[in-house]
Amino acid sequence: MVGRADVELIVRSGNIRDLLAQLEAHALDVVLANSAAPRDARSSLRNHLLNEQPVSLVGRPRATRRKFKFPDDLRSEPILLPSLDSDIRVAFDRVLELAGIRPIILAEVDDMAMLRLLAREREGVTLVPPIVVRDELNSGVLVEHCRIEDVTETFYAIVQKRRFPNRLLSELLPAGKG
């Protein structure tokens, strides 16, 4: 939609609760989020899965050539994590709990850009989708130590079911559902 002459595009960021309230008040046409909107019998919100991406443990290159062993190395390797509000954090905590691992948490961060900065500057590993640190991985500043197979980050387009759907959203959403 960016650059189309027939579209007025305004992008806002905020917390999911506020954005969904604006969506329900018809102040927004769509909310892009990395978690689905809660559903109940009265809700007119619809979640459209757009994409999923893997999540990895990344960090500075290690001095030793020993391969990172997940999850066992997290008994002694400090870690930077997304905040508890993150779906990937919830899933990751579940994996560690099942393995009986209590990680050494350096910090919990609610912003991926800040998590990226800290990953570059701190020892230890960081739980993050590799796309967030793509430039650092390409330049060798960071390396991917381990892909976490049981954890992915998901992206949703959340819309409100409408009597007269937005035709532009119908062009964008999976299966043409707006």
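## Working through the sheet and its helices

In this predicted model, 14 bridges tie strand 2 (residues 45-59) to strand 6 (residues 143-160), and the two run antiparallel.

**Exercise 1.** Find the bridge partner of Arg-46 in strand 6.

*Solution.* Start with the pair: strand 2 covers residues 45-59, and strand 6 covers residues 143-160. Now look across to strand 6, where the partner turns out to be Val-159.

**Exercise 2.** Work out the strand order of the sheet and pick out its edge strands.

*Solution.* Six strands line up as 1-6-2-5-3-4, in an open sheet with mixed pairing. Next, check the ends of that order: strand 1 (31-33) and strand 4 (104-109) are the edges, each pairing on one side only. From one strand to the next, the twist averages 20 degrees.

**Exercise 3.** Which strands does helix 1 lie across, and which does helix 2 touch?

*Solution.* Take helix 1 (residues 16-24): it lies across strand 1, strand 2 and strand 6, at about 25 degrees to strand 6. Then turn to helix 2 (residues 87-99), which packs on the sheet and touches strand 2, strand 3 (78-82), strand 4, strand 5 (125-128) and strand 6. The direction of helix 2 makes about 140 degrees with that of strand 6.

**Exercise 4.** How far apart are the mean positions of the positive and negative charges?

*Solution.* Tally 26 positive and 26 negative charges; their mean positions sit 3 Å apart.

Key
Residues numbered from 1 in each chain as written. Predicted model: local features only at pLDDT ≥ 70, side-chain atom pairs only at ≥ 80, totals over all residues. Heavy atoms only, no water. Pairing = 2+ DSSP bridges. Helix = DSSP H or I, 4+ residues; strand = E, 2+ residues; numbered from the N terminus. Axes fitted to C-alpha atoms, helices over the stretch in contact; angles between N-to-C directions. Contact = heavy atoms within 4.5 Å. Lys, Arg positive; Asp, Glu negative; His and termini not counted. Charge placed at Lys NZ, Arg CZ, Asp CG, Glu CD.
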